[in-house]
Amino acid sequence: MSDFEKQYYESEKFWSGDVLQDEMNRNRISFTASLIPPDVKSLVDVGCGNGIFLNYLKANRAFERMVGTDRSEVALRMVQAEKILSDITQLPFANSEFDCATCLEVIEHLPQETYRQALKEIARVSAKYIIITVPYNEDLLETQTQCPRCKSKFNSDLHLRSFQEKDMQALFLEHGFECSGTKVFFPFKRNVGAKLLEKLEAKEKFQSPICPICGYENESYEAWSPKMMEAHVNAPGIYNRIKQSLKKVWPKETVPGFWIAGIYTKK
Ligand SMILES: [Zn+2]
């Protein structure tokens, strides 16, 4: 992986503040926590980021051992549990060291070689269960952004792959785990054509802390947060007022879920 891509995840703005603390993400975390089988006594969260999941677990369920691992030093500072800086392709744990390995919103970011090795490593360190969550059926083109300097286009969250039920079911087959179920969760309604509108509006805006290709640093980057959303909705101007009124009466469609979880059991 490029140094610039690494730098992306060392961005303080990306991990801190109220980022990922909105209702939607809180819902994601509590739902995922509810999937952990009752007999799990030890757990490792691979790619734990700022500890949003571990910190929730710490407050809500007792484990004999709970460890987070991530390659971002900045993110790990926010984790309130045992934590280890490490690369996902070489987890610093023994075979079957934990009852359960979780990996939330991580594997969609991984390029092919890292992806293959990461799945192998996650399976290696788990004795019984694996829980994976990723965005459900994401249209990667909808969320592309363009670097103003080198003009490269990439997914603004650096997502490289998209998952449906069949992809989730097959994830660990070659590593000795079978899928005991997939769950699409957090259904939501959105205006028909909303994604297209967002795309048109965001066209001029570079939505990334740094360009992973050329390293261009985005001084005005702000990670998505509930506060930002509020400012967006209440932005001044006649155009915005018309838009917000139109949104209320515009036809809506239901999306079956924002995320999908896969639960795996050792064969
Ligand atoms: Zn660039």
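Which residues have the most contacts inside the largest nonpolar core? I started my notebook with that. The model is predicted.

**Entry: the cores**

I looked up the largest nonpolar core and found 29 residues in it. Ile107, Ile132, Leu171 and Phe172 have the most contacts inside this core. Next I asked where the residues come from. H6 gives the largest share, six residues.

I then picked Phe172 and listed its contacts, skipping neighbours within four places in sequence. Phe172 is in contact with Leu119, Ile122, Ala123, Ile130, Ile132, Phe177 and Tyr264.

I also noted another core, apart from the largest one. This other core has 24 residues, including Ala33, Phe63, Val79 and Phe185.

**Entry: the zinc site**

Which atoms coordinate the zinc ion? I found the SG atoms of Cys147, Cys150, Cys211 and Cys214, at 2.3 to 2.4 Å. I checked the geometry next. The angles among the four donor atoms run from 105 to 112°, and the site is tetrahedral. Along the chain, the donors follow the spacing C-x2-C-x60-C-x2-C.

Cys150 sits in the loop between strand S6 (144–146) and strand S7 (153–155). Cys211 sits in the loop between helix H8 (194–202) and helix H9 (226–233). They are 61 residues apart, so I noted that this pair links distant parts of the chain. Is each one buried or partly exposed? Cys150 is partly exposed, at 31% relative accessibility. Cys211 is buried, at 0%.

**Entry: salt bridges**

How many salt bridges are there? I got a count of seven.

I took Arg71 and Glu5 to begin with. Their closest N and O atoms are 3.3 Å apart. Arg71 is partly exposed, at 23% relative accessibility. Glu5 has a relative accessible area of 11%, so I marked Glu5 as buried.

Then I turned to Lys128 and Asp39. Here the closest N and O atoms are 3.5 Å apart. Lys128 is in strand S5 (residues 126–135) and Asp39 is in the loop between helix H3 (23–34) and strand S1 (42–46), so this pair ties together parts 89 residues apart in sequence. Both ends are partly exposed: Lys128 at 32% and Asp39 at 30%.

My other pair was Glu82 and Arg65. Their side chains meet at 3.1 Å, N to O. Glu82 is in strand S3 (residues 82–85) and Arg65 is in strand S2, 17 residues apart. Glu82 counts as partly exposed at 37%. Arg65 counts as partly exposed at 27%. I followed the shared partners, and Arg65, Glu82 and Glu97 join into one network.

**Entry: Lys41**

Where is Lys41? I located Lys41 in the loop between H3 and S1. Lys41 is partly exposed, at 45% relative accessibility. I listed what Lys41 touches, leaving out residues up to four places away in sequence: Phe63, Glu64, Arg65 and Asp99. I also looked up Phe98, which is 57 residues from Lys41 along the chain. The C-alpha atoms of Lys41 and Phe98 are separated by 8.1 Å.

Terms used:
Residues are numbered from 1 along each chain as its sequence is written. This is a predicted model: local features need pLDDT of at least 70, side-chain atom pairs count only at pLDDT 80 or more; totals for chains, interfaces and linings use all residues. Side-chain values use heavy atoms; hydrogens and water are left out. A salt bridge is a side-chain nitrogen of Lys or Arg within 4 Å of a carboxyl oxygen of Asp or Glu. Buried means under 20% relative accessible area, exposed over 50%, partly exposed in between (1.4 Å probe, protein chains only). Helices (H or I, at least four residues) and strands (E, at least two) are DSSP runs, numbered from the N terminus. Contact means heavy atoms within 4.5 Å. A nonpolar core is a set of buried Ala, Val, Leu, Ile, Met, Phe, Trp, Tyr and Cys residues joined through side-chain atoms within 4.5 Å. Donors are N, O and S atoms within 2.8 Å of the metal (3.2 Å for Na, K and Ca); water is not among the atoms, so sites may look incomplete. Four donors count as tetrahedral if all angles lie between 85 and 135 degrees; four count as square planar and six as octahedral if opposite donors are over 155 degrees apart and all others between 65 and 115; anything else is irregular.
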